[in-house]
Structure formats: C-alpha cells, structure tokens
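Good morning, everyone, and thank you for making the time. I would like to walk through one chain with you, so please have the sequence and the model open as I speak.

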Amino acid sequence: MSRHVRRAVIGVIAAVTALLGSVSPALAHGFTSTVYVQVTAADQGRIRTTLELEYDLLVVSAADTEGDDPLFRTGTAAFEAGDAEGQAAALDAHARSVVGYVTRRFSVGADGRACTPSRQGEFTPARQEGVPYARMTLDWACPADGGDPVMRSGLFPDGEGYVRDTKTIITYDLGGRSGSAALDAAHPSFSLGQSWYERFWEFFRLGAEHLLGGIDHILFLLALIAGSRRLREIVLAATSFTLAHSVTFLLAALGAVDVPGRIVEPVIALSIAVVAGWYLWRMWRRGGRAAEVESMAGGRLGLDRAGWVRLAVVFCFGLVHGLGFAGALGIHEAWSWTLLWSLLVFNVGIEAVQLAIIAVVFPLLALVRGRAPVAGLRLTGAISAGVAAMGLVWFVQRVAGV
C-alpha cells in the first residue's frame with residue numbers, strides 16, 4: 001500500500017472517528033426531552049405562557065427537587081396505569097411543588113426585572129409523539145414600563161441526571177410580532193425584540209446540532225457515502241434525502257401526517273441497516289467489482305439500474321427521517337405556520353452539516369478506491385458492516401422499548 005493510500009485510509013478512519021466522537025454515545029432521541037411553550041397576550045397587559053412538559057419527567061424532577069414524595073408516588077402510579085385524568089389530578093393536588101419547580105426554571109422578564117407568574121386553571125393532559133405530557137398555563141405580570149419581554153428556560157437541566165440536552169421550543173404571537181425560538185443550556189434565553197438574523201441563527205444552529213447529536217442520522221449518511229461509487233451518486237442521494245424530509249416537514253406543518261415516535265424511531269434504525277446492508281449485498285454478489293458502475297447506456301443522470309433503485313430507497317427512508325426531524329420541532333398540529341420559517345432554517349442547518357460530512361469523508365474514500373481498489377472495498381465494507389450492525393441493534397432495542 002502506497003504512502004498516499006495509507007494516509008487516505010488513516011484520514012478516513014480519523015474523519016469517521018471524529019464524527020462519531022462529536023456526538024453523544026446515547027441514542028439520538030432516547031434521552032432527550034422537549035418542552036413546548038406558546039406565548040400570547042392575556043388580560044390587563046399580562047403575558048400568557050402555555051407550557052407542555054413531559055409528564056413523568058415533570059413528576060420525578062419536581063418531586064425530587066421540591067422534596068415531595070407523595071407527588072412521586074401518586075404521579076408515578078397514574079403514569080404507570082395510563083390514567084390521563086389521574087395524572088392531571090396528581091399534579092393539581094401538588095400544584096405548589098410543580099409550579100414552584102417550573103417557575104424557578106422558566107421565567108419571563110423585562111428590562112432586567114422579573115415578571116410575576118400566576119397559574120391559570122388546572123393541569124390538563126396532552127401528548128407529543130405518543131408520549132404523555134402535562135399542559136399548564138401561567139400568566140406573567142410585567143413592569144408597565146418594561147421593554148421587550150425576555151424568555152429564559154433552564155427546565156430539566158443535565159445536572160438533574162434524568163435527561164440530557166433539553167430543548168424548549170417557543171412559539172409566540174404577541175404585540176403584533178410572531179415567530180419562534182429554540183432554547184437550550186448553551187442558549188437559555190431570547191428576547192421578543194431579537195432581529196430576524198438572530199432567529200435565523202438559532203434554528204440553523206439547532207438543525208446542525210440535531211444532526212450532529214443524532215448518531216443514527218450520521219450513520220445513515222455514512223452508509224450512503226460508503227455505498228456511493230461516484231461523487232454524482234452521493235450528491236444525488238443526499239439531494240433525494242433532503243427532498244424527502246423536506247416533503248415530510250411540509251406535510252407535518254399542514255397536519256397531513258402525524259406518525260407516533262414509537263413507529264418512526266424503529267424504522268429510522270431499520271433504514272440504517274438496510275442502506276448499509278445494500279452495499280454489503282452488492283459486495284457479496286459482485287465481489288471485487290462492487291465499486292464498478294454497471295452499463296450506463298441510456299441511463300438518466302448517469303445512473304444505472306442499481307443507482308436508481310438505491311435512490312428510490314433513500315427517498316423513502318428520507319421521508320421517515322423527516323418525521324424524526326419534525327418531531328424535534330414539535331410539528332404536530334395542523335397549520336403550524338408560526339414554526340414554518342424556523343422549520344425551513346432548521347432544515348438548512350441539517351443540510352450544511354450533511355454537506356460538510358460528505359466534503360470530508362467522500363474524497364478520502366475516493367482516493368483509497370482509486371489508488372488501492374481492494375483496500376477501498378475492504379474499508380467501505382467494514383464501515384457498512386459496522387453501520388448495519390448498529391442499525392439492527394437499535395431496531396431491536398426500539399421495537400422492544402429498551
């Protein structure tokens with residue numbers, strides 16, 4: 001093996017290791033939580049926030065932090081029984097602990113001064129991606145001469161040890177302004193007076209972080225890169241994937257699709273195994289000629305039959321991955337237009353990371369394939385085998401609910 005090829009192989013291994021090392025070892029969607037907040041105007045100049053929080057996480061966190069063991073016992077019993085009314089009743093019975101926990105971690109302020117919260121109505125049950133949530137409403141009385149309201153969220157922090165990287169997705173329609181924002185530990189606050197480019201950057205960053213933080217989506221992309229024989233194939237595959245999950249985004253915003261996460265997540269895992277296994281099957285069937293392109297006579301876009309079939313498979317699985325992306329932004333209700341702009345920017349962030357990964361990994365693989373075809377096949381085969389194995393493990397785990 002020549003010096004250039006050895007360097008390229010080392011480069012590929014280093015690039016893949018860096019990509020996998022940059023993400024959390026936990027599953028992409030298994031240990032995170034999302035809080036959803038709608039902000040509107042209330043009576044007497046107050047600000048109304050309607051929060052939806054993951055029910056069992058709220059019970060455990062509030063009971064632990066506030067030292068309320070009866071809340072944990074009654075709330076957990078209602079959760080395990082699947083009793084939605086009992087869940088709401090448990091929260092109402094321990095409203096002081098629950099509201100205390102939430103308002104110490106979620107706040108509204110103006111000009112550096114805190115607004116005063118007051119709970120409105122009772123807790124009501126809700127669901128997000130098939131998961132039980134609790135809905136609560138807080139009205140905030142702010143200083144009369146205050147400036148633009150500032151929202152701050154530190155709900156369910158990593159330090160509690162129950163979940164990691166909690167996102168708070170806020171949609172607002174207040175004072176003639178509407179839009180959305182995404183808060184997390186690194187960016188815990190935003191002002192309703194923020195500029196359009198600040199909002200753009202927040203959701204661009206969220207999209208990029210969502211792909212980098214989701215090892216399953218990265219492995220899917222690595223499987224596409226390893227199985228692509230030419231630059232044209234990976235570009236078309238990435239474009240097909242982009243179009244597919246963009247379609248799903250739009251359909252989710254229109255309320256035309258709403259698939260539970262318990263179905264989406266196993267299919268995402270299966271898609272990883274199938275795309276990686278596709279290349280392994282090709283290696284088994286064609287041996288050392290797996291990287292060669294079959295007769296392209298008359299082929300559109302320079303693709304042979306295998307290329308077109310693979311493109312169709314990628315598009316179908318891209319639709320499913322799009323459901324996972326939509327779930328990250330809380331796109332569950334029809335006509336979620338206040339999130340549509342943010343959704344599109346979120347998508348741009350995802351694509352930027354995808355292109356960056358392709359730009360790093362594919363040229364290195366192409367160099368190895370060109371200089372040492374046998375080494376190239378072994379390397380891409382090893383990548384595909386590892387990705388396929390992980391996909392199958394995750395599929396079994398997600399179906400079993402592990």
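Cys 115 sits in the loop between strand E4 (113-114) and strand E5 (116-128), while Cys 142 sits in the loop between strand E6 (131-141) and strand E7 (150-153), so the pair ties together parts that are 27 residues apart in sequence. On accessibility, Cys 115 counts as buried at 6%, whereas Cys 142 is partly exposed, with a relative accessible area of 24%. Cys 316, for its part, is partly exposed at 45%.

Now for the overall picture. The chain has 12 helices and 10 strands, and of its 402 residues, buried ones make up 50%. If we take the contacts between residues at least 6 apart in sequence, 75% of them join residues at least 24 apart.

How far can we trust the coordinates? The chain averages a pLDDT of 79, and 79% of the residues score at least 70. Where pLDDT is low, the predicted coordinates should not be read in detail.

Let me turn to helix H4, residues 84-93. Which of its residues are buried? They are Gly 86, Gln 87, Ala 88, Ala 90 and Leu 91. What covers these buried residues includes helix H2 (55-66), helix H3 (69-81) and helix H5 (95-103), together with strands E5 and E6. At the N-terminal end, H4 is capped by Asp 83, a side-chain oxygen of which lies 3.3 Å from the backbone nitrogen of Glu 85.

Side chains of opposite charge can pair when their charged atoms come close. The count here comes to seven salt bridges. In one of them, the side chains of Asp 92 and Arg 119 meet at 3.3 Å, N to O. Asp 92 belongs to helix H4 and Arg 119 to strand E5, so that this pair links distant parts of the chain, 27 residues apart. Both ends are partly exposed, Asp 92 with a relative accessible area of 24% and Arg 119 at 31%.

In another, Arg 105 and Glu 160 meet at 3.6 Å, N to O. Arg 105 lies in the loop between H5 and strand E3 (106-110), and Glu 160 in the loop between E7 and strand E8 (167-174), 55 residues apart.

Then there is the bridge between Arg 205 and Asp 184, at 3.1 Å, N to O. Since Arg 205 lies in helix H6 and Asp 184 in the loop between strand E9 (177-183) and strand E10 (189-191), the pair ties together parts that are 21 residues apart in sequence. Is Arg 205 buried or exposed? At 6% relative accessibility, Arg 205 counts as buried, and Asp 184, at 5%, counts as buried too. Elsewhere, salt bridges that share partners join Arg 46, Arg 48 and Asp 139 into one network.

Finally, the nonpolar cores. The largest has 47 residues, and those with the most contacts inside it are Leu 219, Phe 220, Leu 224, Ile 225, Ile 357, Ile 358 and Val 387. Helices H6 (196-212), H7 (215-227), H8 (231-253), H9 (261-286), H10 (305-328), H11 (340-371) and H12 (373-400) each supply at least two residues of this core. Leaving aside residues up to four places away in sequence, Phe 220 touches Phe 241, Ser 271, Ile 272, Val 275, Phe 317 and His 321. A second, separate core of 40 residues includes Leu 51, Leu 58, Met 151 and Val 163.

Methods
Residues numbered from 1 in each chain as written. Predicted model: local features only at pLDDT ≥ 70, side-chain atom pairs only at ≥ 80, totals over all residues. Heavy atoms only, no water. Helix = DSSP H or I, 4+ residues; strand = E, 2+ residues; numbered from the N terminus. Buried < 20%, exposed > 50% of the residue type's maximum accessible area, 1.4 Å probe, protein only. Contact = heavy atoms within 4.5 Å. Polar contact = N/O pair within 3.5 Å; in protein donor to acceptor, adjacent residues only side chain to side chain. Core = buried A, V, L, I, M, F, W, Y, C linked by side-chain atoms within 4.5 Å. pLDDT = per-residue confidence, 0-100. Salt bridge = Lys/Arg side-chain N within 4 Å of Asp/Glu carboxyl O.
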